[in-house]
Amino acid sequence: MALLLASLPWLWTTTAARGHLYGEADAPAADVVIVLGTAVAADGRQPGDRLTGRLETAAALVDSGRARVVLVSGDGGGTSGDEPTAMTAHLTERLGVDPRRVVADPFGLDTHDTCARARDVYGVERALIVTQSYHLSRAVTLCRHLGLDVDGVAARCPGCGPALLVGKAVRDYFASGKAAWDALRGRPPAVRSPADPALQDALKN
C-alpha cells in the first residue's frame with residue numbers, strides 16, 4: 001500500500017499525458033514549440049548533449065512546418081551557464097532557424113515555471129513541448145494542468161545509453177512527487193513578469 005501511495009504522482013503524470021506524446025516524425029502542428037532548458041556544456045556557452053538533441057528536434061519541427069516559433073525556456077543564471085542564450089545561439093547560428101522566430105524566457109527555472117510563464121507572460125494557449133522521453137510525460141501533464149493545450153514531442157537524445165536513461169527515469173519518478181505537489185497547491189512561478197508581446201510579435205513575421 002505504501003508503494004502504491006508513493007507511486008500515485010508518477011501514475012498521474014504518466015496517465016494524464018497519454019494520447020499527447022509523439023515522436024518527431026508524427027508530431028502534430030502548433031504555432032509554438034517550447035524547448036525546455038537543461039545544462040549547457042562546460043564552457044558555459046554551448047548546449048550540452050541532451051540540450052542539443054532538444055534544439056535539433058525543435059529546429060526540425062520548424063523546418064517541416066509543424067511549428068512556426070520556438071520559445072526556449074531555461075535558467076538564465078544557472079550554475080552551468082545561461083541556458084536560453086546558449087539555446088538561442090545554437091538554433092540561429094548552427095541550425096539555421098530565423099532569429100525572428102526564436103523567443104527566450106530566462107526565468108523558466110523548472111518545468112512548472114516554464115509552463116506557467118508560457119501561459120501568463122507569453123500568451124501561449126496551444127504548443128508543442130520538446131524534451132527527452134524520460135521527462136516528457138511530466139512536462140506535458142504539468143502544462144496541461146495549467147491550462148495549456150500541449151502535445152509532447154520526444155527529443156533526440158545523443159549519448160543517451162541505457163544506464164543514463166534508467167537513471168533519468170528514476171529521477172523523474174521522484175520528481176513527479178514535486179510536480180503533483182506544485183499542481184495541488186497552485187504554486188506561482190518563482191519569477192513573476194508582466195506580459196511580454198515578443199512571442200505574439202514573432203508569430204506575425
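This is a predicted model: local features need pLDDT of at least 70, side-chain atom pairs count only at pLDDT 80 or more; totals for chains, interfaces and linings use all residues.
Six strands form an open sheet in the order S1-S6-S5-S2-S3-S4, and the pairing within the sheet is parallel. Strand S1 (21–22) and strand S4 (102–105) stand at the edges with a single partner strand each, so one side of each is left without a neighbour in the sheet.

## The chain as a whole

The secondary structure of the protein chain comes to 7 helices and 6 strands, and from the N terminus on these elements follow the order α-β-β-α-β-α-β-α-β-α-β-α-α. For 205 residues a compact globule would have a radius of gyration near 17 Å, and the 16 Å of the protein chain agrees with this. Along its principal axes, the C-alpha trace spans about 55 × 35 × 35 Å.

Of the 205 residues, 45% count as buried. Among the contacts between residues at least 6 apart in sequence, 76% join residues that are at least 24 apart. The protein chain exposes about 9500 Å², of which carbon and sulfur atoms supply 56%. Its side chains include 22 positive and 23 negative ones, and the centres of these two sets lie 3 Å apart.

## Strand pairing around S5 and S2

In the order of the sheet, S5 stands between S6 and S2. Of the 6 residues of strand S5 (residues 126–131), 5 are buried, so the strand is largely enclosed by the rest of the structure. Strand S2 (residues 32–36) is joined to S5 by 4 bridges, and the two strands run parallel. S5 also pairs in the parallel sense with strand S6 (residues 149–154), over 6 bridges, while S1 is joined to S6 by 2 bridges, again in a parallel arrangement. S2 and strand S3 (residues 69–73), for their part, pair in the parallel sense over 5 bridges.

The table gives bridge partners within these pairings.

| Residue | Bridge partner | Strand of the partner |
|---|---|---|
| Val-32 | Ala-127 | S5 |
| Arg-126 | Asp-149 | S6 |
| Leu-128 | Asp-151 | S6 |
| Val-130 | Val-153 | S6 |
| Ile-34 | Leu-71 | S3 |

S2 is mostly covered, with 5 of its 5 residues buried. Val-32, Ile-34 and Leu-36 point one way from S2, whereas Val-33 and Val-35 point the other way, and the residues of both groups are buried.

## Leu-128 and its surroundings

Leu-128 is found in strand S5, and with a relative accessible area of 0% this residue is buried, because the cut-off for that class is under 20%. Not counting residues up to four places away in sequence, Leu-128 touches Pro-28, Ala-30, Val-32, Val-33, Ile-34, Leu-61, Arg-66, Asp-151 and Val-153. Among these contacts are Val-32, Val-33 and Ile-34, which are buried residues of S2, and also Asp-151, the bridge partner of Leu-128 in S6. Val-153, another residue touched by Leu-128, is the bridge partner of Val-130.

The position of Leu-128 also brings together parts of the chain that are separated in sequence: Leu-128 and Ala-27 are 101 residues apart in sequence and 8.3 Å apart in space, C-alpha to C-alpha.

## Trp-181 as a counterpart

Trp-181 is found in helix H6 (residues 162–185). At 52% relative accessibility Trp-181 counts as exposed, because exposure is assigned over 50%, whereas Leu-128 is buried at 0%. Trp-181 and Leu-128 are 53 residues apart in sequence and 24 Å apart in space, C-alpha to C-alpha.

Taken together, the description places S5, with 5 of its 6 residues buried, between S6 and S2 in the sheet order, with 6 parallel bridges to S6 and 4 to S2.

Conventions: Residues are numbered from 1 along each chain as its sequence is written. Side-chain values use heavy atoms; hydrogens and water are left out. The radius of gyration is taken over C-alpha atoms; the globule rule is 2.2 Å times the number of residues to the power 0.38. Buried means under 20% relative accessible area, exposed over 50%, partly exposed in between (1.4 Å probe, protein chains only). Contact means heavy atoms within 4.5 Å. Accessible areas come from the Shrake-Rupley method with a 1.4 Å probe; for residues, only the protein chains shown count as cover. Lys and Arg count as positive and Asp and Glu as negative; His and the chain ends are not counted. The place of a charge is taken as NZ of Lys, CZ of Arg, CG of Asp or CD of Glu. Two strands pair if DSSP finds at least two bridges between them.
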